[in-house]
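Hello,

Here is the structure I promised to pass on. Please open it first; my notes follow below.

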Amino acid sequence: MPNKEKSAASEVAIYKFYKIEGEKLTRGRRECPRCGRGVFMAEHKNRNTCGKCGFTEFRRSDESKKQTNKS
Ligand SMILES: [Zn+2]
């Protein structure tokens with residue numbers, strides 16, 4: 001059955017796409033510790049704020065930027 005093989009292949013491709021997108025999101029943006037998963041905080045110069053509950057988290061000066069510059 002050629003039809004069955006086709007549908008199976010497209011399912012795998014969709015699964016892969018979502019997996020990559022999830023990794024990107026969790027890397028770039030921080031989730032709110034109060035609201036939990038799915039609520040991302042807005043990034044500012046040296047702090048992150050949650051638009052939902054107003055939680056503010058201060059970041060350490062430029063630690064994360066130095067890491068990306070290294071390579
Ligand atoms: Zn929040």
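**The sheet**

In β2, N48 is the bridge partner of E43. That pair sits in a predicted model, so please read everything below with that in mind. N48 also stands opposite E57 in β3.

Three bridges join β1 to β2, which covers residues 47-50. These two strands run antiparallel. Three bridges also join β2 to β3, and this pair is antiparallel too.

Together the three strands form an open sheet, in the order β1-β2-β3. The edge strands are β1, residues 41-43, and β3, residues 56-58. Each of these pairs on one side only. From one strand to the next, the twist averages 25°.

**The turns**

How many residues lie between β1 and β2 in their hairpin? There are three. β2 and β3 form a hairpin as well, with five residues between them. G54 is in that turn. Its phi is positive, at about 90°.

**The chain as a whole**

Two helices and three strands make up the secondary structure. Starting at the N terminus, the order is α-β-β-β-α. Helix α1 spans residues 2-28, and helix α2 spans residues 63-70.

The chain has 71 residues, and 3% of them count as buried. For contacts between residues at least 6 apart in sequence, the share joining residues at least 24 apart is 0%.

**Two loop residues**

C35 comes first. It is found in the loop between α1 and β1. Is C35 buried or partly exposed? It counts as partly exposed, because it has 15 C-beta neighbours inside 10 Å; a buried residue would need 20 or more. Setting aside residues up to four places away in sequence, C35 touches C50, K52 and C53. K52 is 17 residues from C35 along the chain. The C-alpha atoms of the two are separated by 7.7 Å.

Next is R59, in the loop between β3 and α2. R59 is partly exposed, because 14 other C-beta atoms lie within 10 Å. Which residues does R59 contact, leaving aside neighbours within four places in sequence? They are N46, R47 and N48. N48 is also the residue that bridges to E43 and stands opposite E57. R47 and R59 are twelve residues apart along the chain. Their C-alpha atoms are separated by 5.1 Å.

**Confidence**

The chain averages a pLDDT of 71. Of its residues, 45% score at least 70. Where is confidence highest, and where is it lowest? It is highest in β2, at 92. It is lowest in helix α2, at a mean of 54. Where pLDDT is low, the predicted coordinates should not be read in detail.

Best wishes

Methods:
Residues are numbered from 1 along each chain as its sequence is written. This is a predicted model: local features need pLDDT of at least 70, side-chain atom pairs count only at pLDDT 80 or more; totals for chains, interfaces and linings use all residues. Two strands pair if DSSP finds at least two bridges between them. Helices (H or I, at least four residues) and strands (E, at least two) are DSSP runs, numbered from the N terminus. Axes are lines fitted to C-alpha atoms, for helices over the stretch in contact, and angles run from 0 to 180 degrees between N-to-C directions. A residue is buried if 20 or more other C-beta atoms lie within 10 Å of its own, exposed if 12 or fewer, and partly exposed in between; C-beta atoms are placed from the backbone. Two residues are in contact if their C-beta atoms, placed from the backbone, lie within 7 Å. pLDDT is the predictor's confidence in each residue, from 0 to 100.
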